[in-house]
Amino acid sequence: MKEILDAYAAGAIDVNGAREKLLRLFYEHGDEFQFDLHRHERLGFPEVVFAEGKSIEQILTISTMVLEKSPAVFVSHLLPEQEEALRTAFAHYRIETSSRFMAIGRPLENGEPGAVGIITAGTSDIPFARECGLILEYLGIRVLNSFDAGVAGIHRPFLTLAKMEDADVLIVFAGMEGALPTLIASVTDKPVIAVPTPIGYGVGGKGIGAMISMLQTCAPGVMVVNIGNTVGATAGAIRILRAIKRGRT
């Protein structure tokens with residue numbers, strides 16, 4: 001940015017040229033997209049390529065442009081044919097996948113200080129939790145996992161909390177009636193991000209029952225994201241870690 005401003009001050013570029021170059025620092029342009037390359041610098045969390053509804057050509061183009069400027073690119077909600085195309089096109093890169101999420105490129109060695117605890121109510125919630133953990137680990141953040149800790153065995157959440165002493169923030173995944181985040185939040189002062197999952201019977205099978213329960217929790221301060229929103233939950237956890245870091249410095 002300094003080089004651009006210096007060039008403008010020296011008269012080497014005009015106002016329009018400076019504006020275009022500055023925008024290029026923040027966005028990678030294509031005919032059908034503008035990808036926010038500066039988001040990680042501003043928020044500590046990069047923009048993620050949402051694959052659903054995009055053509056394979058669009059996904060490959062965006063991913064290529066991102067990898068020219070960043071160590072890694074994240075792609076979510078992949079279809080099998082999109083995943084296959086990415087694996088072929090970027091075979092020389094490190095690729096990690098979890099469920100419908102893919103990370104391509106090099107993980108960061110050092111992320112925000114602190115740790116994020118990831119807890120699931122049931123084994124069926126684990127694919128969502130794995131996505132969350134993959135993102136965090138690629139961003140250089142320590143992850144603590146505890147799975148199948150739901151309220152069907154009321155002792156299990158308390159055993160899980162004993163594993164989470166080093167966690168600064170907890171992300172709790174639950175389907176069915178979505179009760180686990182409420183129970184966890186009622187016995188710990190750690191920030192809790194609740195993620196409803198589309199696991200269960202009838203209405204609960206789409207995650208609506210769990211989401212409504214989480215939104216109606218009587219444990220104050222629980223933050224709830226949309227059904228299966230692993231990206232939003234992860235980004236929220238990183239915001240909390242960054243706030244903690246500012247408070248310590």
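With a relative accessibility of 44%, Arg142 counts as partly exposed (buried is under 20% relative accessible area, exposed over 50%, and partly exposed in between, with a 1.4 Å probe and protein chains only). Its partner is Asp166: the two form a salt bridge with the closest N and O atoms 3.5 Å apart (the rule asks for a side-chain nitrogen of Lys or Arg within 4 Å of a carboxyl oxygen of Asp or Glu). Asp166 sits in the loop between H7 and E9 while Arg142 belongs to strand E8 (residues 142-146), so the pair ties together parts that are 24 residues apart in sequence. Asp166 is partly exposed too, at 48% relative accessibility.

A word on the ground rules. This is a predicted model, where local features need pLDDT of at least 70 and side-chain atom pairs count only at pLDDT 80 or more, while totals for chains, interfaces and linings use all residues. Residues are numbered from 1 along each chain as its sequence is written, and side-chain values use heavy atoms, leaving out hydrogens and water.

Back to the charges: by the same rule the count comes to five salt bridges. One of them joins Glu52 and Arg100 at 3.3 Å, N to O. Here the link spans 48 residues, from Glu52 in the loop between strand E3 (49-50) and helix H4 (56-69) to Arg100 in the loop between strand E5 (95-98) and E6. Glu52 is partly exposed at 41% relative accessibility, and Arg100 is partly exposed at 31%. Arg156 and Asp148 also meet in a salt bridge, at 3.3 Å, N to O. Arg156 has a relative accessible area of 22% and Asp148 one of 32%.

As for the overall layout, the chain holds 10 helices and 11 strands (DSSP runs numbered from the N terminus, with helices being H or I of at least four residues and strands E of at least two). Of its 249 residues, 45% count as buried.

Helix H6 (residues 126-138) is mostly covered, with 10 of its 13 residues buried. Among them are Phe128, Glu131, Cys132, Leu136 and Tyr138. Just after H6, Gly140 takes a positive phi of about 75°.

Helix H8 (residues 180-187) buries Leu180, Pro181, Leu183, Ile184 and Ala185. These buried residues pack against strand E7 (115-120), helix H7 (156-162), strand E9 (169-174), strand E10 (192-196) and helix H9 (208-215). Val187 is also in H8, but at 43% relative accessibility it counts as partly exposed.

Key:
Contact means heavy atoms within 4.5 Å.
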